[in-house]
Amino acid sequence: MWTDTHCHLDAPEFDPAGTAAQRDAARALGVARCVIPAVERSNWETVRALAHRLGDAYALGIHPLYVPQAHDGDLDALDAALTAHRDDPRLVAVGEIGLDFFVPALTEPAMRERQTRFYRAQLRLARKHGLPVILHVRRSADALLKGLRELPPGGGIAHAFNGSAQQAQAFIDLGFALGFGGALTFEPARQLRRLASELPLDALVLETDAPDIAPQWLYVPAAERAAGVPQGINHPRELPRIGAELAALRGATADAIARATTANAHRVLPRLAALA
Ligand SMILES: [Zn+2]
């Protein structure tokens, strides 16, 4: 039984009519549960409805890449949505929230400040509503950790983790699991593969980040994309194969990795455990 802790099944890359059949295909491969994070106010209702339709879970939040177009009032709307759905067992976290200091337009001082304000406001909402958080971490681990120390939520997941061993340990010490996915399937990703093989197993959760972060077997190199070949679309059905790669890195069985990473997901997203 695998758990995909991060997949954007509402993304335009997925044909809405085909989503249920595709989700069934992943379930047939053992992907028992997906967590569908929101990215902005306009998709909160979409991810909620989709999670109910597919038998999955969801999170509500404002993604850092959507902060530039978000309105301040969206934070009040998030508070209201978290209140309205407080008894929904499929609402498992506040997310996807965080900081992105990689995208150039987001690193200008005013936008860094705005991202930080939205991040901290959403940490406060997670605390108010007793929910863990799903974090977007890109060149921002230390700034995220600072916020977590000042406004600790009840743990959560550092999604698509790609930091140092010390940063990993700092997230673990704050009650977080680290999300690993398709990036670990690339042999040149030496540091990430070392982290995935050496971190304590109880700190790891698996995710596809579908439709993004295509694993090596779906990845289309830049030169071919320039020639018109589209990038491969990632999907929860790839999770067992990504999990098998993690198992090989750790010298474990795929079954042991599936059980452990699902148990970890249930620990850091307690409402997911109640759904199982
Ligand atoms: Zn995401």
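This is a predicted model: local features need pLDDT of at least 70, side-chain atom pairs count only at pLDDT 80 or more; totals for chains, interfaces and linings use all residues.
1. The protein donors of the zinc ion are His6 through NE2, His8 through NE2 and Glu96 through OE, lying 2.1 Å from the ion. Along the chain these donors follow the spacing H-x1-H-x87-E. His6 counts as buried because its relative accessibility is 0%, and His8 counts as buried at 10%.

2. Pro211 sits in the loop between strand 8 and helix 8 (222-226). As background, most peptide bonds are trans, and most residues other than glycine have a negative phi.

3. Two residues are worth a look for their phi values. Asp209 is not a glycine, yet has a positive phi of about 60°. Asp209 lies in the loop between strand 8 and helix 8 and is buried, with a relative accessible area of 8%. Arg139 has a phi near 55°, again positive in a residue other than glycine. Its place is in the loop between strand 5 and helix 5, and Arg139 is exposed, with a relative accessible area of 62%.

4. Next, the largest pocket, with a volume of about 840 Å³. It is lined by 36 residues, and those closest to its centre are His136, His159, Asp209, Asp212 and Ile213. The largest share of the lining, 3 residues, comes from strand 5. By class, the lining divides into 15 nonpolar, 13 polar and 8 charged residues.

5. The second largest pocket holds about 180 Å³ of space. Among the residues lining this pocket are Glu13, Pro211, Asp212, Ile213, Tyr219 and Arg225. Its lining has 5 nonpolar, 2 polar and 3 charged residues.

6. Helix 5 (residues 141-150) has buried residues Ala141, Leu144, Leu145, Gly147 and Leu148. Seen down the axis of helix 5, these fall within an arc of 160°, so they line one face of the helix. Cover for the buried residues of helix 5 includes strand 4, helix 4, strand 5, helix 6 and strand 7.

7. Helix 7 (residues 190-198) can be read in a similar way. Which residues of helix 7 are buried? They are Leu192, Arg193, Leu195 and Ala196. These cover an arc of only 160° around the axis, which puts them on the same side of helix 7. The face turned away from the buried side carries the exposed residues Arg190 and Glu198. What covers the buried residues of helix 7 includes helix 6, strand 7, strand 8 and helix 9.

8. Finally, Arg23 in helix 1 (residues 16-28). Is Arg23 buried or exposed? Arg23 is buried, because its relative accessible area is 1%, and under 20% counts as buried. Leaving aside residues up to four places away in sequence, Arg23 touches Leu9, Val31, Ala32, Arg33, Cys34, Leu54, Asp56 and His235.

Definitions and conventions. Residues are numbered from 1 along each chain as its sequence is written. Side-chain values use heavy atoms; hydrogens and water are left out. Buried means under 20% relative accessible area, exposed over 50%, partly exposed in between (1.4 Å probe, protein chains only). Helices (H or I, at least four residues) and strands (E, at least two) are DSSP runs, numbered from the N terminus. The arc is that of the directions from the helix axis to the C-beta atoms. Contact means heavy atoms within 4.5 Å. On a 1 Å grid over the protein atoms alone, a cavity is a set of points where a 1.4 Å probe fits but cannot get out, and a pocket is an open set with protein on both sides within 12 Å along at least five of seven lines; lining residues have an atom within 4 Å of a point. Grid points are joined across faces, edges and corners, and a volume is the space filled by probe spheres set on the points. Ala, Val, Leu, Ile, Met, Phe, Trp, Tyr, Cys and Pro count as nonpolar, Asp, Glu, Lys and Arg as charged, and the others, Gly among them, as polar. Donors are N, O and S atoms within 2.8 Å of the metal (3.2 Å for Na, K and Ca); water is not among the atoms, so sites may look incomplete.
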